[in-house]
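Have the structure open as you read.

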Amino acid sequence: MGRALVEEALARGARRVYAGTRRPLEHPDARVTPVTLDVTDLAQIRAVADAIGKLDVLVNNAGICNADDLGERSALEEHLAVNLYGTYEMTKAVLPRLIASGGAVVNNVSLSALAPLPITPAYSLSKAAALSLTQAQRALLASSGVRVHAVLTGPTDTEMTEALDIPKADPADVARAILDAVDKGEEDIFPDPMSQLLADGWHNGVNKAFERQNAAMAR
């Protein structure tokens, strides 16, 4: 998914894309600047934040998804470290640049944030927490001019889902839909056929209305 987002950003004329990966990355386009980044490593996060220049959009796409049964606390801690705290720390580190540019945060969450999958409960719990983080950031950063988007993806054809024999969306199509929605200012993005089935219910439901009501307290 990360590769697809990089390619879509380039196709839209991005002048610089910082691509954070745990392993070395080479890219033929000179506009791509690879950076070594493990979002559980605070030193690496700080180094990346210090190295980058102007930043318009931060996409928090790092994530892990392992099967578990909630039998071991370590499984939950592992998922929270990447899917929740990684998103939190990365956003915190580059926030001054986003405020300066009037930019946006895009958190790639998951439909599992809305209802847990029993085969990956630790993942689902961490994504539910990441969605709540996104909603809180949205309310708190609005006065600073920073927009915060939640991407509620359904099954997408990536390494994370390769073992699942189910219909999956093409990452390129998902990336295109995500950036289209960011351009349109959509707060909550449903970028694939499965997630689209829930979009109207979410946008017009009591949960979204309650979020907006609570967010008004931050003004």
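## Helices α2 and α3

Helix α2 covers residues 42-51, and helix α3 covers residues 73-101. Their axes come within 9 Å and cross at roughly 20°. That angle is under 35 degrees, so α2 counts as roughly parallel to α3. The crossing of α2 and α3 is right-handed. Keep in mind that this is a predicted model.

Which residues make the contact? From α2 come L42, I45, V48, A49 and D50. From α3 come E89, M90, A93, V94 and R97. Sorted by class, the contact of α2 with α3 has seven nonpolar residues, three charged ones and no polar ones.

## A closer look at E89

E89 belongs to helix α3. Is E89 buried, partly exposed or exposed? Its relative accessibility is 23%, so E89 counts as partly exposed. The cut-off for buried is under 20%.

Set aside the neighbours within four places in sequence, and E89 is in contact with L42 and I45. Both of these residues belong to the α2 side of the helix contact. E89 can also be compared with D41, which is 48 residues away along the chain. The C-alpha atoms of E89 and D41 are separated by 9.5 Å.

## Helices α3 and α4

Helix α3 also packs against helix α4, which covers residues 121-141. The angle is about 20°, and the axes are 7 Å apart. The two helices, α3 and α4, are therefore roughly parallel to each other. Their crossing is right-handed.

The list of contact residues on α3 reads A75, L76, H79, L80, N83, L84, T87, Y88, T91 and L95. They meet A122, Y123, L125, S126, K127, A129, A130, L133, Q137 and L141 of α4. How do the residues of this contact divide by class? There are 13 nonpolar, six polar and one charged in the contact of α3 with α4.

S110 sits in the loop between β4 (104-108) and α4. Its relative accessibility is 5%, so S110 counts as buried. The side chains of S110 and Y123 make a polar contact of 3.4 Å. The side chain of S110 also reaches the backbone nitrogen of S112, at 2.9 Å.

S132 is found in helix α4. With a relative accessible area of 43%, S132 is partly exposed. Which distance in space goes with its separation from A113 in sequence? S132 and A113 are 19 residues apart along the sequence, and their C-alpha atoms are 9.0 Å apart.

## Helices α1 and α5

Helix α1 runs over residues 2-11, and helix α5 over residues 171-184. They pack at an angle of about 55°, with axes 8 Å apart. The crossing of α1 and α5 is right-handed.

On the α1 side, the contact holds A4, L5, E8 and A9. On the α5 side are P171, A172, A175, R176, I178 and L179. By class, the contact of α1 with α5 has eight nonpolar residues, two charged ones and no polar ones.

## H27 in its loop

Where is H27 placed? H27 lies in the loop between β1 (17-21) and β2 (32-36). Its relative accessible area is 24%, so H27 is partly exposed.

Leaving out residues up to four places away in sequence, H27 touches V6, E7, L10 and V32. The side chains of H27 and E7 are joined by a polar contact of 2.6 Å. A polar atom of the H27 side chain also lies 3.0 Å from the backbone nitrogen of D29.

Most residues other than glycine have a negative phi. L70 has a positive phi, near 60°. L70 lies in the loop between β3 (57-60) and α3. At 47% relative accessibility, L70 counts as partly exposed.

Methods:
Residues numbered from 1 in each chain as written. Predicted model: local features only at pLDDT ≥ 70, side-chain atom pairs only at ≥ 80, totals over all residues. Heavy atoms only, no water. Axes fitted to C-alpha atoms, helices over the stretch in contact; angles between N-to-C directions. Helix = DSSP H or I, 4+ residues; strand = E, 2+ residues; numbered from the N terminus. Left-handed = near helix turned anticlockwise from the far one by under 90°. Contact = heavy atoms within 4.5 Å. Nonpolar A, V, L, I, M, F, W, Y, C, P; charged D, E, K, R; others polar. Buried < 20%, exposed > 50% of the residue type's maximum accessible area, 1.4 Å probe, protein only. Polar contact = N/O pair within 3.5 Å; in protein donor to acceptor, adjacent residues only side chain to side chain. Parallel < 35°, antiparallel > 145°, perpendicular 65-115°, else oblique.
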